[in-house]
Structures are given as C-alpha cells and as structure tokens.
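Have a glance at the structure first, then read on.

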Amino acid sequence: MPEQDYGAQNIQVLEGLDAVRKRPGMYIGSTSVRGLHHLVYEVVDNSVDEALAGYATHIEVSINEDNSITVVDDGRGIPTGMHESGMSAVELVLTKLHAGGKFGGGGYKVSGGLHGVGISVVNALSEWTRVQVSQNGIVQEITFARGHKTSELIEIGKAEETGTTVIFKPDTEIFETTVFSFDTLKIRLQELAFLNKGLRITLSDVRQDEPRVESFHYEGGLSSFITFLNENKETINPTVINIENAKDDVVVDVALQYNDSYSENILSFVNNINTIDGGTHLSGFRSALTRTLNDY
C-alpha cells in the first residue's frame with residue numbers, strides 16, 4: 001500500500017463562504033435542479049418571515065430572461081446601519097454564515113428557512129447578487145460576485161415605501177443546470193400563500209414573448225388549502241373544520257374535511273416548513289382527533 005503523507009499541513013481551514021462553495025450540498029441538499037430551486041425558497045423565506053412578523057403583505061418573484069431571479073417584498077428592509085463588526089448589517093447577513101435577526105434579540109418571533117445561513121448561501125452560490133433596500137426615504141444598493149462584495153452600499157434613488165429587493169444569478173460553475181421551472185416554483189409559492197393567510201405572492205416568468213404571471217392570495221388560509229386539495233373529491237362535511245388557537249406563544253392552526261376517498265392525506269408544517277417525517281405535533285393531532293371522535 002503506498003505511503004500517504006498526512007500531517008498538520010494537510011488540514012485545511014475554509015473561511016466563511018468558501019466552505020459553501022466547496023460543499024454546496026451540505027447547505028442546499030444538492031447542486032441539481034432541486035438545489036437550484038432551493039435558492040429561491042431561501043430568499044422568499046426571509047420575505048415570508050417579514051409577513052409573519054406583520055410587516056410584509058406582498059412578495060413578487062420573477063424569473064428573468066437570463067434565468068436570474070428577482071424577489072421583492074414590502075417588509076421593513078434588511079437593516080443597513082453599521083454593525084459593531086465594522087460593516088453594514090446588510091453586508092454582514094450576505095457574507096457571513098450564522099449572521100441574522102433570528103437568534104433572539106426581538107427581530108423575529110417566528111421564522112423558517114436556514115436561520116442566518118439562507119441568504120449568505122444564496123450569495124455564495126451565485127455568479128452575482130444585487131441587493132436593494134428601501135428605508136428612510138432612500139434606496140441603497142450593494143453588489144456581490146460569488147459571495148465577495150463588488151461595490152459598497154450606496155444610495156441609488158428615493159424611496160416612498162420600505163422593502164427589500166434581492167436579484168441573483170445562480171453560478172454555472174456550481175449547478176448542473178441553471179434553468180428554472182415555473183411550475184416547480186409555483187407549487188411551493190402557492191403552498192406558502194395558503195399557509196400565510198392574507199399574504200399575496202406573485203410569480204412571473206418573462207423568458208418567453210408572452211410573460212406568464214400567476215398570483216396567489218388566500219384570505220381563508222388553511223381552509224382554502226383544504227378546499228383546493230379536495231377540489232375533485234366528494235366531501236362528507238360540506239364546511240371545512242378550522243381551529244386556530246395560541247398557547248404559550250405557540251400558534252396552532254388546524255383545518256380538516258372528510259371526503260369519500262379511501263386514503264388519508266395529512267400535511268403538517270412547522271414555521272412554513274413541511275415536516276414530511278411528522279413529529280410530536282402530528283402524533284398529538286392524531287391522538288386528539290381519535291380521542292374526540294371516541295368521546296363523541
């Protein structure tokens with residue numbers, strides 16, 4: 001067996017976002033089509049968190065001609081003030097892993113996605129990223145290439161509202177394909193609109209002559225989701241049973257409706273994330289439902 005030299009000199013330390021580019025699968029699952037679309041979900045999750053906090057009402061997602069993505073929300077905007085680390089807060093959250101407003105400190109009560117990792121991972125795996133923040137009457141922009149800053153945070157115009165715009169182009173050096181599927185994005189964005197009552201999410205695709213645009217907005221929330229799932233089925237109870245309550249700062253929202261099919265379809269989500277393997281929340285629901293029916 002050939003001798004292999006293995007000593008202290010063989011130990012590598014990857015700084016910051018270099019680790020993400022070296023092992024992207026650790027952060028987004030894969031570099032296939034699935035990982036590609038996951039980039040969009042990470043940016044959208046930040047906007048949804050603004051909606052959960054009570055600030056954003058509309059999220060617009062666009063697939064651009066060059067397969068770059070634009071995500072616009074009308075939330076508070078990523079903070080642009082100077083952080084104690086010596087860089088602006090917006091630069092910090094885009095270039096440092098585990099930097100964000102979701103580790104306590106009162107910025108967010110509820111959040112989904114890869115906490116403090118999502119947007120910096122998107123930045124690391126993109127050929128280029130542009131972030132525009134509207135706050136205090138002005139629009140400021142900062143740009144990056146493959147995770148590294150290419151321009152300082154500068155004022156580019158006046159703003160009447162607040163919000164964040166993130167534009168990014170996935171890196172062809174990383175991904176097997178960089179062509180987005182409208183229908184794949186549509187499934188997740190429609191699901192998010194169902195899960196967040198009253199939030200409007202618009203998806204548009206300008207890659208063909210006739211732009212394709214769909215908007216999702218459900219005042220009924222989960223009840224609308226159940227109606228959608230039971231669309232082609234014969235329902236047993238005509239009205240969707242919907243129970244919403246909060247205890248110890250945990251909000252629980254349940255909707256159910258029986259139909260004439262033989263198989264059950266139970267979907268469970270925590271902080272907008274589909275918990276496909278279930279958990280105590282699902283087993284608790286099942287046992288409570290069984291007990292209630294037995295008692296009745």
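What follows is a short tour of some salt bridges in this predicted model.

## The overall count

Side chains of opposite charge can pair when their charged atoms come close. Searching the whole structure turns up 17 salt bridges. Let's pick out a few.

## A link across the sequence

Start with aspartate 171 and arginine 21, whose closest N and O atoms sit 2.9 Å apart in a salt bridge. Aspartate 171 belongs to the loop between strand S6 (163-170) and helix H6 (182-195), while arginine 21 is in helix H1 (residues 18-22), so this pair ties together parts 150 residues apart in sequence.

Aspartate 171 is buried, at 0% relative accessible area. Arginine 21 is partly exposed, at 21%.

## Strand to strand

Next up are arginine 130 and glutamate 141, with a salt bridge of 3.5 Å from N to O. Arginine 130 comes from strand S3 (residues 126-135) and glutamate 141 from strand S4 (residues 138-145), so the pair ties together parts that are 11 residues apart in sequence.

Arginine 130 is partly exposed, with 31% relative accessibility. Glutamate 141, at 14%, falls under the 20% cut-off, so it counts as buried.

## One more pair, and a network

Aspartate 205 has a salt bridge with arginine 207, again with a closest N and O distance of 2.9 Å. Aspartate 205 is buried at 3% relative accessibility, and arginine 207 is partly exposed at 27%.

Which residues do shared partners join into one network? They are Arg21, Arg146, Asp171 and Glu173.

Notes: Residues are numbered from 1 along each chain as its sequence is written. This is a predicted model: local features need pLDDT of at least 70, side-chain atom pairs count only at pLDDT 80 or more; totals for chains, interfaces and linings use all residues. Side-chain values use heavy atoms; hydrogens and water are left out. A salt bridge is a side-chain nitrogen of Lys or Arg within 4 Å of a carboxyl oxygen of Asp or Glu. Helices (H or I, at least four residues) and strands (E, at least two) are DSSP runs, numbered from the N terminus. Buried means under 20% relative accessible area, exposed over 50%, partly exposed in between (1.4 Å probe, protein chains only).
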